[in-house]
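Trainee: I am new to this structure and would like a close look at one part, the place where two chains meet. Could you take me through it slowly?

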Amino acid sequence: MQPIIINNIDKKFGDVKALNNVSFSVEEGELFGLIGPDGAGKSTLFRILTTLLLADKGSASVMGMDVVKDYKKIRRSVGYMPGRFSLYQDLSIEENLRFFATIFNTTVEQNYDLIKDIYVQIEPFKKRPAGKLSGGMKQKLALCCALVHKPSVLFLDEPTTGVDPVSRKEFWEMLQRLREKGIAILVSTPYMDEAVLCDRVALIQKGELMDINTPEGIVRRFAQPMWAVGAGDRYRLMQDLRSYEDTASCYAFGEYLHVTLKSGGAGEDALCQYLSPHQDLTMFRTSAGIEDCFMYLMQEQNQ
Amino acid sequence: MLQFLAFIKKEFYHIFRDRRTLLILFGMPVIQIILFGYAITNEIRNAEIAVLDQSNDYYSSRLVQKIGASGYFKITTALQSEKEITEAFRAGHIKVALVIPKNFGYNFYHNHKAPVQLITDASDPNSATTLLNYATAIVGNYQQEMSGQLKLPLTIDVHPRMQYNPALKGVFMFVPGVMTLILMLVSAMMTSITITREKETGTMEILLVSPLSPGMIIVGKVVPYIILSFINALVILSLGVFLFGMPVKGSLLLLLMECGLFVLTALSLGILISTITASQQAAMMISMVGLLMPTVLLSGFVFPLESMPLPLQMFANILPAKWFIIILKDVMLKGSGLLAVWKPTAVLLGMTVFFIALSVRNFKTRLS
């Protein structure tokens, strides 16, 4: 049984289309990433799946239960971590965890093995009020609270937003371990570098899914040759590249600009020629990352 | 059950860790009842009076002494001439001036008539009238004393009796009012705030995606406030009884049960407010403006309902406060039993059921 199935979901807020004909499904034990910028409709989809919002059209099911009809059953069996930190700030780590364990009719001790890896990291601060924790610790606590009742599906809405890089890495390592325990995880993130850590990703933009594939698959589909270009004066370099008639796309990416050409590989020499006046020019072939694909797809959708 | 207890425990943590809530919950009632009980009163004590005693004989000075010793007046100025009267009023301290013309005692016993003039500052008409009545009564008493056993041939003998409040203490009117006001505010405001806070901080989102049913969430949030509000009622009641000498003539058990009922009415009103508002601020505004003002003005607490225009009297009927004040006065002052107050009790009960039913209908099991 597929833990999450989404069929042609539409959702409007007034005149704004938050979700437009979204369909995908998540396999058992899969870590599925929903990747997209702010306002793409990720949180709306999460709320529909966690039975907090009703879709205008389409259907969805979680663990075989319909999100509209069986909402009470779904609420009992899923773990949900909203995008905004939503625990009790005036309760300590321990009190929060015990509270959420109890309202799900279980105890911390019963499912301790599931949260142990995460909990030991925040345990030294267990008497501290949740409101006084750092961003990374807050998210770890929220994950513990979402996990403490051993959910069959885990919904994590932007769990690493506002978290430092080290904690982000740790957080994703935990997700990998949870997947090994057989829990299906749907996670959303605006960070492209986290996409490669998922089994499969769906790229979402303005409420529409642009692609669903494995991270490698998405990159593979992006078959155009790509160059990384760097120079002393990056601003001028970017202006020059964007005004170059053969340029298909040009985005800043770390210290380099990623460039694709309309003429593909054939235009390499001409581009070299065109950019030669720049000082400290470096130019080499590179392979596209998820972010490149996203930018490309986004541009395609906008056109 | 374990879930429920955990929820209540959590709620108590919130209350006891938030100093502001605690202060509102327990500080406000005590301060308000003391404030209303002592400061806001329409009784007059120690009004400053100026005396122009032109007679200065034995009888006139005894009259002045009587007035000074009554407790209502404090003699602060002894005037020397009529001109000084206006000045004394202009200076603004005195409320009343007493003028005793020359030969007071002689006139009384020989001419059978001794005029005395009372001048009051009527820029505040109510207290001017009250003061005048007090002073006239003292003078009247003194007159009887002076005339001794002198009997008039035919008299109507009036025996006034102030039923239920023989000393005419204003506190008897204020304590029930303040109790009502405070219970209303604390219960309704605190519950509406505490529920909207869960919405505002996003915790409601998690609570909804849990096995807790909406009913359990609401009851769990409200139970601690039922307990605290009832304790509050006890505090106010004992302050009223021990500090201000309010009697409890009726059954204490009935009184406590009525208090409990009113707490429930106010709490269910608070729940209703929380189901129609999304932020703490909005909930607070509605509780303050929508409950405080009508409760103070239209419940018969400060201004008598009977003298209001009919539409306002009708409107007052939908205020739970009006009915509770009636119950409190009946049970505490008149010693009425349940039979006498069954009507307002039934009204409160009906309101509670109505508010709860409406809240349940309004409560959203989803976010929008």
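Mentor: Let us begin with a term: a polar contact is a pair of N or O atoms within 3.5 Å, where, within protein, one atom must be able to donate a hydrogen and the other to accept it, and where residues adjacent in sequence count only if both atoms are side-chain atoms. Please keep in mind that this is a predicted model. By that rule, 11 residue pairs are in polar contact across the interface of chain A and chain B, both residues of each pair being at pLDDT 80 or more. On the side of chain A that touches chain B, helix H2 (71-77), strand E6 (78-81) and helix H3 (93-103) of chain A each supply at least two residues, and H3(A), with five residues, gives the largest share of that side. Sorted by class, the side of chain A that touches chain B consists of 17 nonpolar, six polar and six charged residues.

Turning to the interface as a whole, 29 residues of chain A are in contact with 26 residues of chain B. The size of an interface is often given as the accessible area lost when the parts come together. Between chain A and chain B the area buried is about 2600 Å², and carbon and sulfur atoms give 62% of it. The count of salt bridges between chain A and chain B is two, and in a salt bridge between Arg47(A) and Glu205(B) the closest N and O atoms are 3.1 Å apart.

Leaving aside its neighbours within four places in sequence, Ile103(A) is in contact with Gln3(B), Leu207(B), Ser210(B), Pro211(B) and Leu212(B). Ile103(A) counts as buried because its relative accessibility is 0%, and buried means under 20%. Within its own chain, Ile103(A) lies 100 residues from Pro3(A) in sequence, while the two C-alpha atoms are 23 Å apart in space.

How values were computed:
Residues are numbered from 1 along each chain as its sequence is written. Chains are lettered from A and ligands numbered from 1 in the order in which they are written. This is a predicted model: local features need pLDDT of at least 70, side-chain atom pairs count only at pLDDT 80 or more; totals for chains, interfaces and linings use all residues. Side-chain values use heavy atoms; hydrogens and water are left out. Contact means heavy atoms within 4.5 Å. Buried area is the accessible area (1.4 Å probe) that two parts lose on being put together, summed over both. A salt bridge is a side-chain nitrogen of Lys or Arg within 4 Å of a carboxyl oxygen of Asp or Glu. Helices (H or I, at least four residues) and strands (E, at least two) are DSSP runs, numbered from the N terminus. Ala, Val, Leu, Ile, Met, Phe, Trp, Tyr, Cys and Pro count as nonpolar, Asp, Glu, Lys and Arg as charged, and the others, Gly among them, as polar. Buried means under 20% relative accessible area, exposed over 50%, partly exposed in between (1.4 Å probe, protein chains only).
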